[in-house]
Amino acid sequence: MTSAALLLAAEKESAAVTDWAARIGWVVGLGLFVALVYWLMREGWKWRGTLQGDLPELPDAPPEPGEAKLTMSGRYHGSTTAGQWLDRIVAHGLGTRSRAELTLTDAGLDVVRPGAADFFVPAAALREARLDKGIAGKVLTEGGLLVVTWEHGGKLLDSGFRSDHAAEHHAWVEAINSMIDKIDKTDNPTETEGAR
């Protein structure tokens with residue numbers, strides 16, 4: 001036999017020995033790394049909530065909100081500073097994604113969230129409703145997200161919702177914007193008589 005044939009025969013007979021200590025060390029190291037990253041993310045979330053501590057408590061729905069104009073079942077994807085779709089608001093549970101039941105009445109927008117804090121947006125605080133494609137942590141197709149802009153504690157906020165039936169979004173945009181227009185006309189009547 002040639003030396004090459006002897007080497008091939010020797011390689012076939014011996015199996016690689018598993019170094020269990022090295023493997024266990026790598027697994028433990030990877031587990032500690034994942035735990036550290038998770039802990040840092042959690043601390044960052046808490047720090048962001050502390051920075052937004054000046055945001056007042058969210059209003060509760062009135063006991064008699066009136067007749068429902070529209071209702072919607074879907075998901076709440078979070079709130080951001082208005083116009084800055086990546087600046088997530090986490091204070092008072094506004095950063096928690098959840099299922100949501102929305103009800104629009106003359107009193108305002110009632111957001112009921114199972115497993116998270118409910119909140120209410122008074123009609124006077126509503127500023128705009130529009131269709132958009134994204135909000136912090138969620139990007140959809142163009143027009144796939146209902147974004148409601150509202151004022152709370154002197155800050156403008158954008159809250160993103162996605163209906164179980166996306167075709168409902170247009171009706172919500174029209175209803176909220178017409179409600180805002182009606183409130184603006186009531187609060188700021190313009191005198192057109194005698195104008196030339």
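Guide: D132 forms a salt bridge with R130, and the closest N and O atoms of the pair are 3.4 Å apart; a salt bridge here is a side-chain nitrogen of Lys or Arg within 4 Å of a carboxyl oxygen of Asp or Glu. Through salt bridges that share partners, E128, R130, D132 and D158 are joined into one network. Please keep in mind that this is a predicted model, in which local features need pLDDT of at least 70 and side-chain atom pairs count only at pLDDT 80 or more, while totals for chains, interfaces and linings use all residues. Residues are numbered from 1 along each chain as its sequence is written, and side-chain values use heavy atoms, with hydrogens and water left out.

Visitor: How far apart are the closest N and O atoms of E128 and R130?

Guide: They are 3.8 Å apart, and that pair is a salt bridge as well.

Visitor: How many salt bridges does a search of the whole structure find?

Guide: The search finds six, and one of the salt bridges is between the side chains of R99 and D164, at 2.9 Å from N to O. R99 lies in strand 3 and D164 in the loop between strand 10 and helix 3, so this pair ties together parts that are 65 residues apart in sequence. R99 is partly exposed at 35%, and D164 is partly exposed with a relative accessible area of 42%.

Visitor: Let's step back to the fold. How many helices and strands are there?

Guide: The protein chain has three helices and ten strands, and along the sequence they follow the pattern α-α-β-β-β-β-β-β-β-β-β-β-α. Both kinds of element are DSSP runs numbered from the N terminus, helices being H or I with at least four residues and strands being E with at least two.

Visitor: What share of the contacts is between residues 24 or more positions apart?

Guide: Among contacts with a separation of 6 or more, residues 24 or more positions apart account for 61%, where contact means heavy atoms within 4.5 Å. Buried residues make up 30% of the 196 residues in the chain.

Visitor: And the largest nonpolar core, which residues touch the most other members?

Guide: F119 and F161 do, out of 29 residues in that core; a nonpolar core is a set of buried Ala, Val, Leu, Ile, Met, Phe, Trp, Tyr and Cys residues joined through side-chain atoms within 4.5 Å. Helix 3 gives the largest share of this core, with six residues. Not counting residues up to four places away in sequence, F161 touches M72, R75, Y76, L102, V111, F119, L145, L146, V148 and H169.

Visitor: Where is H77, and is that residue buried or exposed?

Guide: H77 is found in strand 1, residues 70-81, and is buried, with a relative accessible area of 5%. Beyond its neighbours within four places in sequence, the contacts of H77 include R88, R97, I135 and R162.

Visitor: What about D110, where does that one sit?

Guide: D110 is in strand 4, residues 108-112, and is partly exposed at 22%.

Visitor: Switching topic, which residues does UniProt list for "transmembrane region"?

Guide: The unreviewed UniProt entry lists residues 24-41; UniProt positions are given in the numbering used here, feature names are shortened, and annotations may be inferred rather than shown by experiment. In the model that span is 100% helix and 0% strand, and its end C-alpha atoms lie 26 Å apart.

Visitor: Which helix holds V34?

Guide: V34 is in helix 2, residues 20-51.

Note on methods. Buried means under 20% relative accessible area, exposed over 50%, partly exposed in between (1.4 Å probe, protein chains only).
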